[in-house]
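Dear colleague,

I am handing over a structure that will be new to you, and I would be grateful if you looked through it before reading my notes.

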Amino acid sequence: IVQFMEEKKIQSSWVVESASRLDLLVRLDQTLCEVTLDSSSESSAEASSNDLKSVLSEAIVFCGTGDRHATLVKRILAKAGEDPNQNREMSLTEHEKVQLDLFWNDTEVALKNDHSKDAFISLIKIVILWDEKNCPWLNESTARLHRDSMLKDATIKELLGYCDNNTNRHASLLKEMLTKSINKESENIKGANQPSDANRETMAYRKAKKKKRTIPDHYHSVIKSLQTTSTVDSIVPSWAVLMNSHTTVNGVAKYLSLPCPPKWVDSPHDLQCLQSKLHEAINESNGKLGGERKFEKFLAFDSEFRSEGGTTELATIQFSIFEDGLPLAWVVDLNPNPADTVYSTMTCDILRWIFLESDAQILGFAHRHDLRMISSYIGEDIPIAPNFLDVQLLASHKMADDLGASSDIMSSLPGLKSCCSYFLEASGKKMNGQNSNLYDDDMKSWSLLKNEQCSNWAQRPLTANQLGYAGLDAAVLLVLLAEIVLS
């Protein structure tokens with residue numbers, strides 16, 4: 001390389017640029033050697049990192065005190081090995097800009113194809129490239145990730161799991177970027193009615209990427225049936241049951257929570273009690289309602305994941321029903337420690353009954369990935385049957401209608417936190433009458449807290465906050481369904 005540049009008599013500062021390119025190669029290789037996707041590869045990763053350092057040191061020794069070319073090579077090697085905290089550049093070089101675009105393209109392709117491992121590696125490369133620059137890059141990268149990639153909840157869980165497996169600075173920065181992207185989604189929804197000039201370019205970009213997403217035919221019959229059977233005297237799920245005084249933080253932000261802690265299920269006896277309760281609730285509602293659909297007949301579910309050994313597995317599954325005006329919730333351990341064959345067999349049997357045999361109306365949120373994971377857990381495929389309802393799909397179409405967009409055209413589907421914020425605000429408007437300029441400030445101050453989404457779901461015991469978060473993510477679907485249907 002040095003000989004070529006010398007012969008061409010390049011006038012630019014090519015030595016500095018070459019050092020920068022080599023430095024990027026070194027940082028990428030060294031950090032990726034330390035990345036853990038498989039817990040068994042930790043020692044070999046450390047060895048590979050040390051080997052790389054040795055190679056660079058030996059390369060400088062080989063330069064010796066030779067001719068001009070060897071001296072220039074030595075300068076490039078030495079500059080590339082400088083302390084990254086010294087003389088940090090403010091902006092990217094042209095080469096780095098090209099590399100950054102390639103990394104973003106790789107990220108987008110990986111996310112579109114649900115290849116979370118490849119997406120994680122590409123995102124880590126982006127973080128590595130930016131981290132050595134003395135400029136505020138995190139917010140800009142978060143905005144681009146949110147705008148370009150259409151992150152799915154399941155993918156976020158897997159990416160956060162990979163971040164948890166790695167304790168280095170770059171994984172921590174990526175985790176912060178992912179968390180900011182989750183929170184940013186809610187802010188974008190709230191400002192969707194009157195977009196600022198700063199958001200117009202992003203909205204135009206999303207418009208160009210719109211995809212057609214239609215509601216299945218049976219969804220319409222379910223909604224119509226719920227609207228018909230939900231009279232003034234009926235008790236339906238409402239935000240009020242999730243607004244508890246103890247959730248006020250510093251008198252400003254208020255976070256939704258369950259009126260009673262969810263039941264932790266981790267023994268055969270607990271499983272028997274759960275099945276008995278669900279069997280009673282489903283059969284009782286069927287007997288009372290016949291072929292009619294009411295909110296009491298719905299069983300909401302959600303799941304949390306853990307990443308270990310380069311694979312993502314179910315850690316818990318949550319269920320919630322609406323009984324006597326209140327949500328009841330259970331968090332079922334799918335990762336018992338120590339392993340219990342009897343418990344695991346019973347868990348599989350109950351999951352088969354719920355998802356394949358029972359008459360329950362099953363409520364989920366972007367649940368296709370959850371169902372794939374549950375299918376793998378029980379060893380039997382769970383088809384998307386007419387008794388399944390996706391609240392995300394219902395919410396997105398309702399939101400599109402309210403915002404004046406076509407009901408069957410969506411650029412990306414909103415997350416659970418965004419849906420809650422939107423319908424809480426809509427409920428506040430409804431409480432103030434038909435004047436859309438009036439808002440109920442108290443309703444706007446409530447939100448769904450997602451901090452525990454990034455926590456370690458493999459640890460046992462789970463914390464009280466984790467249990468509350470998991471149970472609420474299932475229970476809130478019952479309230480969202482009522483808000484969508486009756487609004």
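The notes below go from the whole protein to one of its sheets.

This is a predicted model, in which local features need pLDDT of at least 70 and side-chain atom pairs count only at pLDDT 80 or more, while totals for chains, interfaces and linings use all residues. Residues are numbered from 1 along each chain as its sequence is written, and side-chain values use heavy atoms, with hydrogens and water left out.

The protein has 18 helices and 11 strands, taken as DSSP runs (H or I, at least four residues, for helices; E, at least two, for strands) and numbered from the N terminus. Of its 487 residues, 47% are buried, meaning under 20% relative accessible area with a 1.4 Å probe, protein chains only.

Six strands form an open sheet with mixed pairing, in the order E4-E7-E6-E5-E8-E9, where two strands pair if DSSP finds at least two bridges between them. Because E4 (263-265) and E9 (388-390) stand at the edges with a single partner strand each, one side of each is left without a neighbour in the sheet. From one strand to the next, the twist averages 30 degrees, with axes fitted to C-alpha atoms and angles running from 0 to 180 degrees between N-to-C directions.

Strands E5 (residues 298-308) and E6 (residues 311-323) run antiparallel and are joined by nine bridges; Arg 306 has Glu 313 in E6 as its bridge partner. Helix H14 (residues 368-378) packs on the sheet, touching E5, E6 and E9, where contact means heavy atoms within 4.5 Å.

Technical notes: Buried < 20%, exposed > 50% of the residue type's maximum accessible area, 1.4 Å probe, protein only.
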